[in-house]
Amino acid sequence: MKDSYADWDAAYVLGALSSTERHDYEDHVDGCADCAAALAELGMIPALLRLIPDEDGAAHLTSEAAPAPFVVPPGRRMPVKLLAAAAAVVLIGAVATGVVVARRGPTSSEQTVALSAVAASPLRATVSLTPEAWGTDVAMTCTYAGEYGARASYTLSVVGATGQRQVVSRWRAGPGDTTRTSGATDLARSAITRLELRDAQGRLLLEQSL
């Protein structure tokens, strides 16, 4: 019998699951080696898609030379191999037509900071903030050091000048994991005064004032 979660991996990576579905899937993956392996296969997909500038990717996909778009029918999830193929086709086609010639490096306005420990924790994290017209792009790399411990949920938040807090990333991690997330906030970069990494109980583990 097919695992009912078997086709949820692509939707999970792309952020298409609801909050309830996401938590259900994370709990399932913790105890399912097959789904965990399938999810691991998708690790390169976000990175591949990020190689294409938004405006250039859109132009390529709407050009006459672009292949037919990959569409996920309602109520179905895109299988791992199909998603990988979609990303590869877009990238290969974009490079062939001159849309993408190299990966974009950090912009001069991008700021990368290392979070400082506030409490004993196996986590270490760096966060990159990139100003955008709509707010700020927030990318994080977090490592869980050590060989022992339990998988747990964590959040990364930005704090504004007036004290407002917005969660920009949620993830689960365990010993030996390296997690990379991409989030966003409508706060301008100049309006963000602090970054906070907390556990599921709300305890502050890492932070950095800006």
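1. The protein chain contains 6 helices and 9 strands; helices (H or I, at least four residues) and strands (E, at least two) are DSSP runs, numbered from the N terminus. This is a predicted model, in which local features need pLDDT of at least 70, side-chain atom pairs count only at pLDDT 80 or more, and totals for chains, interfaces and linings use all residues. Residues are numbered from 1 along each chain as its sequence is written, and side-chain values use heavy atoms, with hydrogens and water left out.

2. Of the 210 residues in the protein chain, 35% are buried (buried means under 20% relative accessible area, exposed over 50%, partly exposed in between, with a 1.4 Å probe and protein chains only). The chain exposes about 11,900 Å², of which carbon and sulfur atoms supply 55%; accessible areas come from the Shrake-Rupley method with a 1.4 Å probe, and for residues only the protein chains shown count as cover. Among contacts with a separation of 6 or more, 56% are between residues 24 or more positions apart, a contact being heavy atoms within 4.5 Å.

3. An open sheet is formed by 4 strands in the order β1-β3-β4-β7, with antiparallel pairing; two strands pair if DSSP finds at least two bridges between them. Its edge strands, β1 (111-114) and β7 (178-185), each pair on one side only. From one strand to the next the twist averages 15 degrees (axes are lines fitted to C-alpha atoms, for helices over the stretch in contact, and angles run from 0 to 180 degrees between N-to-C directions). Between β1 and β3 (residues 123-132) there are 4 bridges, and Thr112 has Ser128 in β3 as its bridge partner.

4. Strand β5 has antiparallel pairings with β6, over 8 bridges, and with β8 (residues 192-199), over 7 bridges. Ala152 stands opposite Ala173 in β6, while Val159 faces Arg194 in β8. β5 and β6 form a hairpin with 4 residues between them, and Gly163 in the turn has a positive phi of about 95 degrees. β5 is mostly covered, with 7 of its 9 residues buried.

5. The structure holds 1 aromatic pair. Tyr154 and Trp171 form this tilted pair, at 6.1 Å centre to centre and 35 degrees between the planes; rings of Phe, Tyr and Trp (its six-membered ring) pair if their centres lie within 6.5 Å, and planes under 30 degrees apart count as stacked, over 60 as edge-to-face and the rest as tilted. Tyr154 belongs to β5 (residues 152-160) and Trp171 to β6 (residues 165-173), 17 residues apart. Both partners are buried, Tyr154 with a relative accessible area of 8% and Trp171 with 4%.

6. In the largest nonpolar core, which has 22 residues, Val127 and Leu197 touch the most other members. A nonpolar core is a set of buried Ala, Val, Leu, Ile, Met, Phe, Trp, Tyr and Cys residues joined through side-chain atoms within 4.5 Å. Two or more residues of this core come from each of β3, β4 (135-144), β5, β6, β8 and β9 (204-209). Not counting residues up to four places away in sequence, the contacts of Val127 include Thr112, Val138, Leu156 and Leu195. A second, separate core of 8 residues includes Trp8, Leu17, Val29 and Cys35.

7. Ala36 lies in helix α3 (residues 33-41) and is partly exposed, with a relative accessible area of 31%. Its C-alpha atom is separated by 9.8 Å from that of Ala6, 30 residues apart along the chain.
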